[in-house]
Each structure stands twice: as C-alpha cells, then as structure tokens.
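Let's take a friendly walk through one protein model, stopping at a handful of residues along the way. Please keep the sequence and the 3D view open as you read.

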Amino acid sequence: MKRSLFGRVWPNVTAVVLFIGLVFPVYWMFSTAFKPTGDIISEDPVWFPTDVTFQHFKTATEADHFWTYVGNSFIVTVCAVVFSLIIALAGSFALARMRFKGRRGFIVGFMLAQMAPWEVMVIAIYMIVRDASMLNSLVPLTLFYMMMILPFTILTLRGFVAAVPKELEESAMVDGCTRVQAFRRVILPLLAPGLMSTSMFGFITAWNELPLVLVVNKEAESQTLPLWLTSFQTVFGDNWGATMAASSLFAIPILVLFVYLQRRAVSGLTAGAVKG
C-alpha cells in the first residue's frame with residue numbers, strides 16, 4: 001500500500017514542482033510590470049502587487065518607434081507563417097502521396113535543415129541581402145523566417161497527409177473531382193490540427209527571432225520587437241518596471257495564441273510526429 005501510494009503521489013508532486021518552476025518567472029515578470037517602483041526596488045521582495053499601476057505600460061508603449069516595431073513584427077511573422085503553410089501543403093502532399101526518385105533524400109534533407117542552427121548562416125545571409133541591396137527591408141526577413149520554419153512544417157504536415165486514407169481522395173476523384181479539388185475538399189479539412197500546430201510553432205519561432213534582424217536591419221523603421229526589447233533597458237536605464245512591462249507586452253501574443261490553439265496544437269504535434 002505504501003509503495004502504491006508513493007507511486008501515485010511522487011509523479012504529481014514532481015509535476016507541481018516543475019509547473020511552479022516554469023510558471024514563476026512568467027508570474028514575476030507580469031507582477032513586476034504592475035508594481036510601483038518602490039515595491040520593485042525594495043530589499044524585501046513583494047510577492048503580490050499591493051498598489052497596481054499601469055504607468056510602466058504607458059512608458060513602454062510611448063517609447064520611440066514602439067508601434068512601428070509591433071507592426072513590423074506582425075507583418076513579418078504572419079507573412080512568413082502563411083507563405084510557409086502554402087508551400088508546405090504542396091511539399092507535404094508530394095512527399096506523402098507520390099513516389100519519385102530521391103524522395104527519401106528530400107526527407108533526410110528536411111530533417112538536417114531542421115537540426116542545423118541558423119545562427120551559423122547569419123554572415124552568409126547578410127552578404128546575400130547586402131548584394132541584393134535589400135538591407136533594412138522586411139522582405140528578406142520574411143523570406144528567411146519562412147525558410148526557418150518550412151522544414152518542420154513540411155515534415156509535420158507530411159505525417160497528417162499520410163494518415164488520411166487514400167480511398168477518401170480516390171472516392172472524391174471518382175465522383176468527378178480533380179486531384180486539386182479532392183485535396184482542397186477532402187484532405188485539407190482533415191489537416192486542421194496539423195495546420196494549427198505548425199502555424200503556432202512558426203509564429204513563435206519568427207516572433208522571437210533576433211540574430212538575423214540584428215544584422216540585416218539597422219534602421220529603426222525596419223526593426224522588430226525582439227531587437228527593440230534588447231535595447232529597452234539601455235534606453236530607460238534601471239527602469240525595471242518598464243522593462244518588465246515591455247517584456248509582458250512582447251509575450252502576450254504568444255500566450256494568447258497558445259491558449260487558443262493548445263488542444264489541437266498538442267494533438268497535432270503528437271500525430272504528425274508518429275504517423276506517416
């Protein structure tokens with residue numbers, strides 16, 4: 001009985017400890033953003049805000065070029081995710097349904113591209129962008145962010161396409177649909193979990209990316225939120241309240257997206273990893 005009780009209790013205790021350890025930094029960031037400056041610099045930590053203030057958020061949003069950075073981040077991230085999904089739908093269908101010479105080589109290449117650190121290519125990317133006279137532009141950022149998330153998107157969607165029975169597609173074609181129509185009307189609706197999981201991964205990856213924009217975009221009008229956030233502390237000195245408010249604003253889109261898509265995203269990542 002004791003062993004059985006211990007076996008039931010220790011996984012739950014471990015999960016609670018890990019949950020607290022992972023969530024506490026996020027809680028401290030958000031709570032600090034709402035604390036008065038006196039509570040932030042106090043020698044005794046204030047665990048719960050007593051006097052809630054929104055002054056730090058006002059300071060962050062009134063910083064120079066803040067809304068420009070927000071707009072740039074959303075434009076680059078959303079465009080990269082959408083373009084990668086469009087290309088990945090065609091690529092994943094080809095890898096899952098068609099048999100051609102070099103197919104396995106393509107799959108291995110996508111896996112290697114997924115494992116390769118993109119930071120080692122920053123100098124080469126900078127030279128390409130410079131030679132193309134596209135420095136300080138959102139276009140190269142969008143293209144290279146799309147390339148970063150494309151291998152994962154193709155590999156994950158390939159598992160979903162392979163999991164759809166061929167008979168469904170063949171039945172639609174017998175009823176008069178072309179291959180494109182069968183894909184759009186039969187397969188595409190069944191790929192919704194995979195599309196959600198891959199879009200969430202792509203959004204997080206592109207939203208948080210820093211090294212590339214740090215190198216290729218030097219002008220404020222073409223920079224994104226991660227780069228703005230790194231310089232925020234320098235701009236405002238030791239204003240930790242404003243820094244935490246800026247970090248909270250930066251994290252909110254990802255938290256909202258994760259909460260909205262978490263169920264289908266988790267099932268999508270699991271199914272896409274084991275099927276096909």
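## A histidine and its neighbours

Not counting residues up to four places away in sequence, H56 touches T32, A33, K35, P36, T37, I40, N239, G241, A242 and A245, where contact means heavy atoms within 4.5 Å. You are looking at a predicted model, in which local features need pLDDT of at least 70, side-chain atom pairs count only at pLDDT 80 or more, and totals for chains, interfaces and linings use all residues. Residues are numbered from 1 along each chain as its sequence is written, and side-chain values use heavy atoms, with hydrogens and water left out.

H56 sits in helix α3, residues 55-61. Helices here are DSSP runs of H or I with at least four residues, numbered from the N terminus. Is H56 buried or exposed? H56 is buried because its relative accessible area is 5%. The scale works like this: buried means under 20% relative accessible area, exposed means over 50%, and partly exposed lies in between, using a 1.4 Å probe and protein chains only.

One of the neighbours deserves a second look. The side chain of H56 reaches the backbone oxygen of K35 at 2.7 Å. This is a polar contact, a pair of N or O atoms within 3.5 Å; within protein, one must be able to donate a hydrogen and the other to accept it, and residues adjacent in sequence count only if both atoms are side-chain atoms.

Now find A96 in helix α4, residues 66-97. With 7% relative accessibility, A96 counts as buried. Leaving aside neighbours within four places in sequence, A96 is in contact with R158, V161 and A162. A96 and V161 are 65 residues apart in sequence, but their C-alpha atoms are 6.2 Å apart in space.

## A loop with two positive phi values

The loop between α6 (122-131) and α7 (138-163) holds S133, and N136 lies in that loop between α6 and α7 too. Each is a residue other than glycine with a positive phi. The table puts their values side by side.

| Residue | Phi | Relative accessible area |
|---|---|---|
| S133 | near 55 degrees | 68%, exposed |
| N136 | near 60 degrees | 27%, partly exposed |

## Charges and a nonpolar patch

How many salt bridges does a search of the whole structure find? The search finds 1, taking a salt bridge as a side-chain nitrogen of Lys or Arg within 4 Å of a carboxyl oxygen of Asp or Glu. In it, the side chains of R130 and D131 meet at 3.3 Å, N to O. D131 is exposed, at 58% relative accessible area, while R130 is partly exposed, at 38%.

Elsewhere, V16, F19, I20, L22, V23, F24, Y27, W47 and F48 make a nonpolar surface patch of about 950 Å². Such a patch uses residues with over 30% relative accessible area and no salt bridge, joining nonpolar side chains (Val, Leu, Ile, Met, Phe, Trp, Tyr) within 5 Å. One of its members, L22, lies in helix α1, residues 2-34, and counts as exposed because its relative accessibility is 66%.

A disulfide is a covalent bond between the sulfur atoms of two cysteines. A search of the whole structure finds 0 disulfides, with the cut-off set at a pair of cysteine sulfur atoms within 2.5 Å. As for cysteines themselves, C79 is partly exposed at 27% relative accessibility, whereas C177 is buried at 18%.

Key: Patch = residues over 30% accessible without salt bridge, like charges linked within 9 Å, V, L, I, M, F, W, Y side chains within 5 Å. Areas by Shrake-Rupley, 256 points an atom, 1.4 Å probe, with all protein chains shown as cover.
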